[in-house]
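The structure is shown first.

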Amino acid sequence: MSVLSPSAALAAGSAPGAAAVAATPAADRVWVQYLAQRDPRSLVRIAAWQALLSSDPDAAIAQFLTSGYDYAVRLSAERKARNADFAKRVLAAFTAEFAPEVHAAAQFAVSSRNDADRELFANGGFEAAKQRDAAARQARGDQAKALSDADRAFVRDIAERDPGAQVRVSAAYAVRAGATDDDLVEFFASGWAFGARLDLESFRQRSADDDARWRVTVAGLLADATAAEEAAENASAELAEQARANAVGAWQAVGRQTAPALSYWDDARRVTDAQAANWAAVTAAANAATGPNWAAVAGPAGAAEADWTVERDFAVQQAAYWTSLLQQALDGEQRVRAAG
């Protein structure tokens with residue numbers, strides 16, 4: 001299923017009246033496609049796909065944004081759904097090569113048809129598997145021996161400067177006062193990748209929750225503004241001035257609603273750009289280094305760079321979409337004033 005850019009979806013955005021509102025379903029489809037592919041909550045992804053694949057996708061997408069999204073979010077917060085998403089998150093971050101016990105336990109939890117297996121994994125099983133992996137690494141000793149002062153300095157720098165809060169926390173723990181080489185080895189083997197996954201999913205979830213709310217509100221305001229403009233066009237002479245004032249106010253309300261979204265997506269462009277650049281640097285460092293510790297980082301770093309590059313491009317698209325909505329509001333206000 002191809003994804004339209006918001007700028008293409010809003011190509012008719014400057015047209016008056018109903019044409020301006022008719023541009024929004026295509027842009028909403030773009031957004032729901034994003035949720036279906038990248039929201040960290042399985043039930044939200046499923047609900048988004050159901051809307052997209054409906055026999056009447058425009059109506060299903062509208063209903064999804066109005067009520068289906070919130071319902072899927074509530075279901076995702078329930079214990080069984082949280083446990084399932086947790087197991088999938090761990091499986092994505094802990095590789096079979098460098099964290100075989102955790103990977104195998106997460107794979108079992110994900111594949112099991114029994115909710116109790118996922119409950120057990122989330123409450124004790126994950127930590128037990130981490131300890132088994134740590135014990136195996138300690139017994140081999142090769143990763144601890146491979147650590148250098150440059151590695152320690154690199155992780156200390158990450159603890160202070162990494163753009164991801166979870167990565168900073170994980171790195172800070174690995175180089176805290178009293179930390180051992182085993183702590184640093186665990187950071188390279190899995191802590192770095194898991195922190196990166198948490199940072200990515202946190203960004204995606206916040207983006208989804210905020211933007212879904214903004215879209216529902218602006219859809220209602222667009223409809224109100226269009227109706228108010230049509231009422232002004234058809235108003236009698238004695239009611240025309242008040243009708244135009246109402247229409248101007250309605251289009252101004254649309255413009256105001258774009259402010260939080262524009263601010264968020266402008267900031268998101270900077271965040272995602274910083275993350276993509278950061279992971280490009282980590283990928284380069286991992287590819288240039290030797291030894292088992294950096295080998296564990298190379299794959300997750302490349303994947304994180306690719307993920308944040310996609311997020312950056314999408315943030316640019318969404319900023320363009322909300323900018324176009326602001327322009328629609330300004331154009332609508334201008335039309336009403338000029339008609340007076």
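Which hand does the crossing of α6 and α12 have? The crossing is right-handed (the near helix is turned clockwise from the far one by less than a right angle).

## Basis

This is a predicted model, where local features need pLDDT of at least 70, side-chain atom pairs count only at pLDDT 80 or more, and totals for chains, interfaces and linings use all residues. Residues are numbered from 1 along each chain as its sequence is written, and side-chain values use heavy atoms, without hydrogens and water.

## Helices α6 and α12

Helix α6 (residues 79-93) and helix α12 (residues 181-234) have axes that come within 9 Å and cross at roughly 130 degrees. On the α6 side the contact (heavy atoms within 4.5 Å) involves Phe86, Arg89, Val90, Ala92 and Ala93, and on the α12 side Ala193, Phe194, Arg197, Leu198 and Glu201.

## Helices α12 and α13

Helix α13 (residues 237-288) packs against α12 at about 165 degrees, with the axes 9 Å apart. That makes the pair roughly antiparallel (over 145 degrees). The crossing of α12 and α13 is left-handed.

## Cavity

The structure holds 1 cavity of 30 Å³ or more (a set of points on a 1 Å grid where a 1.4 Å probe fits but cannot get out). The largest cavity contains about 40 Å³ of space. Its lining (residues with an atom within 4 Å of a point) consists of Phe94, Ala99, Val102, Lys130, Asp133, Arg137, Glu186 and Ser190. Helix α8 (115-140) supplies the largest share, 3 residues.

Definitions and conventions: Axes fitted to C-alpha atoms, helices over the stretch in contact; angles between N-to-C directions. Helix = DSSP H or I, 4+ residues; strand = E, 2+ residues; numbered from the N terminus. Parallel < 35°, antiparallel > 145°, perpendicular 65-115°, else oblique. 1 Å grid on protein atoms, 1.4 Å probe; cavity = no way out; pocket = protein on both sides within 12 Å on 5 of 7 lines; lining within 4 Å. Points joined across faces, edges and corners; volume = space filled by probe spheres on them.
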